[in-house]
Amino acid sequence: MLKHITCTVCPMSCDVVLKVGEDGKVLSLTGNRCARGKVYATKEHTAPERTLTSIVRVNGGVHPVLPVRTNKPIPKDKLKEGMLVAAKVNANAPITMGDVIVKDFLGLGVDLVATRDL
Amino acid sequence: MKKVHVDVAVIGGGPAGLAAALAARSEGAEKVLIIERNTELGGILQQCIHHGFGLHRFKEELTGPEYAQRFVNLVKDTDIDVLLETMVLEVTPERKIYAVNSENGMLEITAKAVVLAMGCRERTRGALRIPGGRPAGVYSAGTAQRYVNIDGYLPGKRAVILGSGDIGLIMARRFTLEGAKVEAVVEVLPYAAGLTRNVVQCLEDFDIPLYLQSTVIEIHGTKRVEGVTIAQVDADWNPIPGTERKIECDTLLLSVGLVPENELSSQAGVAIDSITNGPIVDDSMMTSVSGIFACGNVLHVHDLVDNVSKESERAGRYAGRFALGTNNSVPRRVKVQAGNNIRYVVPHEVSSTEPVEFFMRVQRPEDDVVLDVGGLRRIRKASVRPSEMLDVKITPEQLQNLEGDTLIMQIIPQKEA
């Protein structure tokens with residue numbers, strides 16, 4: 001089976017074509033113009049990850065919500081679950097950029113951190 | 001009226017203004033003032049909560065607020081003055097700034113140098129002439145972004161996005177993550193206007209359809225948007241009869257371009273480039289009015305804030321020198337011209353003896369080309385896209401080899417180069 005993955009490592013946006021076996025293993029890979037593209041496309045095929053950025057409610061701040069992010073990428077299929085958990089969080093001002101808002105977010109070993117002072 | 005005298009006055013406290021003020025101060029200008037109309041510094045970055053900022057500048061992927069916070073913290077560590085919630089009403093060619101706030105009333109700020117850093121504004125529905133009523137639910141993408149990310153509420157449940165600029169793509173993902181349904185992104189061009197990584201991570205990740213060479217031809221609903229009709233367009237952007245399709249939705253987001261905000265600049269007599277809609281500047285980022293500088297999105301719309309910071313530091317540095325009276329320009333003035341498949345180049349003119357960095361955009365996508373810098377440098381490019389700004393540096397030594405006083409930037413196919 002052939003699978004197309006657009007590499008997003010740099011603006012070149014290579015169309016990487018993966019030849020995938022029946023067990024899902026990558027047999028060969030073409031179209032990438034550098035080594036980083038190979039790493040990205042392989043990872044994107046086997047275990048795609050994204051950094052989740054969103055907001056949480058905050059009490060006593062100059063704005064009603066605080067922007068947050070996961071400090072490391074999380075599995076792509078966990079984004080929705082992450083949003084549902086973040087929607088229930090209430091933080092308290094004052095907050096400094098980098099403050100951990102939720103430790104061990106979703107039990108994934110990453111933290112949800114504040115991305116600004118508030 | 002309160003009167004203030006400063007060395008460098010910076011209008012706008014977004015990424016451009018922050019970087020310019022810091023650079024002016026470290027260049028030796030003693031009294032540097034940032035004038036910002038919002039309640040806080042950071043500009044539009046504060047609502048761009050997604051990540052992808054700062055890869056060049058900080059070698060890591062930051063969110064917008066993180067990128068802003070780093071610069072805000074740097075400013076806080078200096079004696080740079082900041083006036084918040086202050087609206088500039090007028091800038092004169094003599095570098096007097098009239099501003100107003102509720103604490104001081106009217107202010108007259110006399111500056112030895114002025115940096116224009118007011119950023120840009122979104123193109124609105126009025127500029128598109130879409131037929132239909134005026135129901136609630138039509139927003140520019142940036143307005144919706146503010147509602148969601150700063151004010152904390154979602155302005156719709158089912159959205160169509162017109163225009164595939166980066167803000168529109170980012171908002172498609174944002175709406176989806178927040179539980180709304182994005183029915184479609186509609187783009188009049190044959191390719192996405194935003195960065196490819198945004199098409200992949202904001203649309204493809206969530207199976208949001210992107211309709212190219214299509215547009216919204218009607219907005220339905222009287223009190224609230226009830227749907228839109230989209231249609232394919234021909235090469236002249238005219239709707240093709242028979243291709244119409246109605247999509248039910250309660251929200252239409254417009255991501256149809258940004259326009260530099262130069263009302264103050266024009267009033268001050270600053271000459272404006274009709275392509276960029278921003279001031280014409282030389283390589284010190286000085287406009288046609290002596291002592292008035294410009295940088296960031298007020299000068300031309302950037303896609304990377306990293307480039308805004310870099311350009312603004314240059315503006316701030318030279319504004320600082322101008323205020324101190326230590327600018328030493330050289331008599332030779334080289335005009336910069338946009339050649340084949342180049343839409344514009346900034347700066348428009350070179351007159352210094354320092355290395356220059358040019359920022360430019362192409363008119364249309366092209367692959368396997370060479371960027372020819374006035375015959376002085378040739379850079380191979382696998383691909384060029386209107387959405388991706390090009391930048392190239394030229395040293396004074398290289399510039400010496402230029403015959404004549406015009407430097408032409410052009411894109412040529414690799415075969416012909």
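**Close-up views of a predicted model**

**A leucine in a loop of chain A.** Leu106(A) sits in the loop that links E9 and E10 of chain A. Everything shown in these views comes from a predicted model. Leu106(A) is not a glycine, yet its phi is positive, at about 60°. Is Leu106(A) buried, exposed or partly exposed? It has 18 C-beta neighbours inside 10 Å, so Leu106(A) counts as partly exposed.

**A lysine in a loop of chain B.** Here we turn to Lys59(B), in the loop between strand E3 (51–53) and strand E4 (62–63) of chain B. Like the leucine in the previous view, this residue is not a glycine and has a positive phi. For Lys59(B) the value is near 55°. Because Lys59(B) has 7 C-beta neighbours inside 10 Å, it counts as exposed.

In chain A, the bond between Ala93(A) and Pro94(A) is cis, and its omega is about 0°. To find Pro94(A), look in the loop between E8 and E9 of chain A. In chain B, a cis bond leads from Val346(B) to Pro347(B), with omega near 0°. Pro347(B) belongs to the loop between strand E21 (342–346) and strand E22 (349–350) of chain B.

**The mixed sheet of chain A.** Strands of a sheet pair through backbone hydrogen bonds, in either a parallel or an antiparallel way. This open sheet of chain A has five strands, which follow the order E8-E5-E6-E10-E9, and its pairing is mixed. Which strands form the edges? They are strand E8 (90–92) and strand E9 (100–105) of chain A, each of which pairs on one side only. From one strand to the next, the twist averages 35°. A helix also packs on this sheet: helix H2 (residues 79–86) of chain A touches E5, strand E6 (65–70), E9 and strand E10 (110–114) of chain A. The direction of this helix makes about 10° with that of E5(A).

**Where E5 meets E8 in chain A.** Strand E5 (residues 53–59) of chain A runs parallel to E8(A), and three bridges join them. One pair to look for is Asn59(A) with its bridge partner in E8(A), Asn92(A).

**The parallel sheet of chain B.** Chain B has an open sheet of five strands with parallel pairing, in the order E10-E17-E11-E12-E13. Its edges are strand E10 (138–140) and strand E13 (210–211) of chain B. Three bridges link E10(B) with strand E17 (residues 251–254) of chain B, and Val138(B) stands opposite Leu252(B) in E17(B). Two helices that pack on this sheet can be followed here. H3(B) touches E10, strand E11 (158–162) and E17 of chain B, and its direction makes about 90° with that of E10(B). Helix H4 (residues 166–177) of chain B touches E11, strand E12 (181–186) and E17 of chain B, with a direction at about 165° to that of E12(B).

The largest nonpolar core has 107 residues. Which residues have the most contacts inside it? They are Val8(B), Ala20(B), Val115(B) and Phe293(B). Helix H1 (residues 15–26) of chain B gives the most to this core, with eight residues. Setting aside neighbours within four places in sequence, the contacts of Phe293(B) include Val115(B), Leu116(B), Met285(B), Tyr318(B) and Ala319(B). Another core lies apart from the largest one, with 38 residues, among them Phe175(B), Val186(B), Ile230(B) and Leu254(B).

**Domains of the two chains.** Chain A is assigned domain 1 (2–46) and domain 2 (53–114), and their C-alpha centres lie 31 Å apart. Chain B is divided into domain 1 (1–122 + 257–324), domain 2 (124–256) and domain 3 (332–417). The contact between domain 1 and domain 2 of chain B takes seven residues from domain 1 and 12 residues from domain 2. On the domain 1 side there are one nonpolar, four polar and two charged residues.

**Where chain B touches chain A.** In this view, 22 residues of chain B are in contact with 24 residues of chain A. Which element gives the largest share of the chain B side? That is H5(B), with four residues. Among the elements that give two or more residues are helix H2 (64–76) and strand E25 (377–384) of chain B. The residues on the chain B side divide into seven nonpolar, 10 polar and five charged.

Methods: Residues numbered from 1 in each chain as written. Chains lettered and ligands numbered in written order. Predicted model: local features only at pLDDT ≥ 70, side-chain atom pairs only at ≥ 80, totals over all residues. Pairing = 2+ DSSP bridges. Axes fitted to C-alpha atoms, helices over the stretch in contact; angles between N-to-C directions. Domains from an automatic or database assignment. Nonpolar A, V, L, I, M, F, W, Y, C, P; charged D, E, K, R; others polar. Core = buried A, V, L, I, M, F, W, Y, C linked by C-beta atoms within 7 Å. Buried ≥ 20, exposed ≤ 12 C-beta atoms within 10 Å, placed from the backbone.
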